[in-house]
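Load the model in your viewer and show it as a cartoon. The stops follow in order.

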Amino acid sequence: CPAMKAVASLGVLSARGGTVPMIARRAMHGICIAMSDAHRVPSKAATFVLLRDMGPHRRSITTNAALELAKPGDNPLKFYKDQVSKGILREDPRQLAALVQLERVWKDFTHRNQEPPRSRGIMDWFSGSEPQESIKGLYLYGGVGCGKTFVMDLFYACVPIEKKRRSHFHSFMLEIHQRLHLIRKSGKGRADVATVAEDVVRESGELFCFDEFNVTDVGDAVILRTLFDKMWECGAVVVSTSNRRPDDLYLNGIQRDLFKPCIHAIKEKCVVHHLDSETDFRLLMTHSSQLYIITGDTEGGRDKASKELDRMFTLLSKGLRVRVKRIMTQ
């Protein structure tokens, strides 16, 4: 296997198995190890340093380190500023503006938890209204790599509630369709979107954070208004990130007129904020580094590749403590 030979030539993996002492500096920056069943490492365990690559949909080591330090009850905006002052995060004024909006939602949840439950009056019972005031969510959109997912995840880590859910929006919609399919297959009851929405809120809690909100499928577009309306009716608060502004969702889609009320509802239930950053933080490293590192068959080539990987590791880690973790392989 060429991939295994290239990795082994760098000393990343030991053909005899056991621990892998140099993986911290090697398994970085888009290096991918593809192993078929015939080329699996014979070891049952390997030690490696937990890092993330710099490819799409990945965060840098610094943002991951910051998220691991955040805990429920922390003010996300103050936490961000504190990490910037310590040199762990790089300050971005547009991320700060987005965190101001997220702090608003965080404060609403914090105040709700601190307030004693209000008893329901006689008019509440007749009207069926809930004693708690609704919290307005947030729809955060902007270009790729500008930090939308990071600031949302920071907010999610800091919200002081037990039942909450963070999902990729596409995965969430697949689950909704699967639930409807199972109801139809079982023949027990009507496959009703509103009922599924009630079940999801009851199981997952009142806060839903959706990453990469987008609508391209007609099946999603048809049920989304009913799904979200019922979730909001059950007290759900939606915070989402997207590459598109609400008015561009399901653009040029089939029967889009049926979807437009959902756009209006999103704009009514959520504050729409544009994170208009032109910086793609995912690409900052690629301007000063090779995209591919080829060792060749010579000792000099391997030494050169090793030094380049060490340089990138030092640059990315910024002196942060490296966390070692043991994994089991089949």
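In which strand is the place of Val 271? Select strand 6, residues 270–275, and Val 271 is there. Strands here are DSSP runs of E with at least two residues, helices are runs of H or I with at least four, and both are numbered from the N terminus.

This is a predicted model, in which local features need pLDDT of at least 70 and side-chain atom pairs count only at pLDDT 80 or more, while totals for chains, interfaces and linings use all residues. Residues are numbered from 1 along each chain as its sequence is written, and side-chain values use heavy atoms, with hydrogens and water left out.

**Stop 1: around Val 271**

Stay on Val 271. Its relative accessibility is 24%, so Val 271 counts as partly exposed. The classes are buried under 20% relative accessible area, exposed over 50%, and partly exposed in between, with a 1.4 Å probe and protein chains only. A contact means heavy atoms within 4.5 Å. Draw a C-alpha to C-alpha distance from Val 271 to Gln 101: it reads 8.2 Å, across 170 residues of sequence.

**Stop 2: helix 4 against helix 7**

Select helix 4 (residues 76–85) and helix 7 (residues 148–158). Their axes come within 9 Å and cross at roughly 120°. Axes are lines fitted to C-alpha atoms, for helices over the stretch in contact, and angles run from 0 to 180 degrees between N-to-C directions. The crossing of helix 4 and helix 7 is right-handed. Show side chains next. Helix 4 brings Pro 76, Phe 79 and Tyr 80; helix 7 brings Phe 150, Leu 154, Phe 155 and Cys 158. By class, this contact has 7 nonpolar residues, no polar and no charged. Here Ala, Val, Leu, Ile, Met, Phe, Trp, Tyr, Cys and Pro count as nonpolar, Asp, Glu, Lys and Arg as charged, and the others, Gly among them, as polar.

**Stop 3: helix 4 against helix 5**

From helix 4, pick Pro 76, Leu 77, Tyr 80 and Lys 81; from helix 5, pick Gln 95, Leu 96, Leu 99, Val 100, Glu 103 and Trp 106. The contact of helix 4 with helix 5 has 7 nonpolar, 1 polar and 2 charged residues.

**Stop 4: positive phi in a loop**

Go to the loop between strand 5 and helix 11 (260–269) and select Tyr 250. Its phi is near 55°, a positive value in a residue other than glycine. Is Tyr 250 buried or exposed? Its relative accessible area is 5%, so Tyr 250 is buried. Gln 255 is found in the loop between strand 5 and helix 11 too. Phi of Gln 255 is near 50°, again positive without being glycine. At 52% relative accessibility, Gln 255 counts as exposed.

**Stop 5: color by confidence**

Color by pLDDT, the predictor's confidence in each residue from 0 to 100. The average is 77, and 69% of the residues score at least 70. Confidence is lowest in strand 1 (residues 45–49), at a mean of 33, and highest in strand 5 (residues 237–242), at 98. Over residues 1–59 the pLDDT is below 50.

**Last stop: the whole protein**

Zoom out. The protein has 12 helices and 7 strands. Of its 330 residues, 42% are buried.

Notes
A crossing is left-handed if the near helix is turned anticlockwise from the far one by less than a right angle, and right-handed if clockwise.
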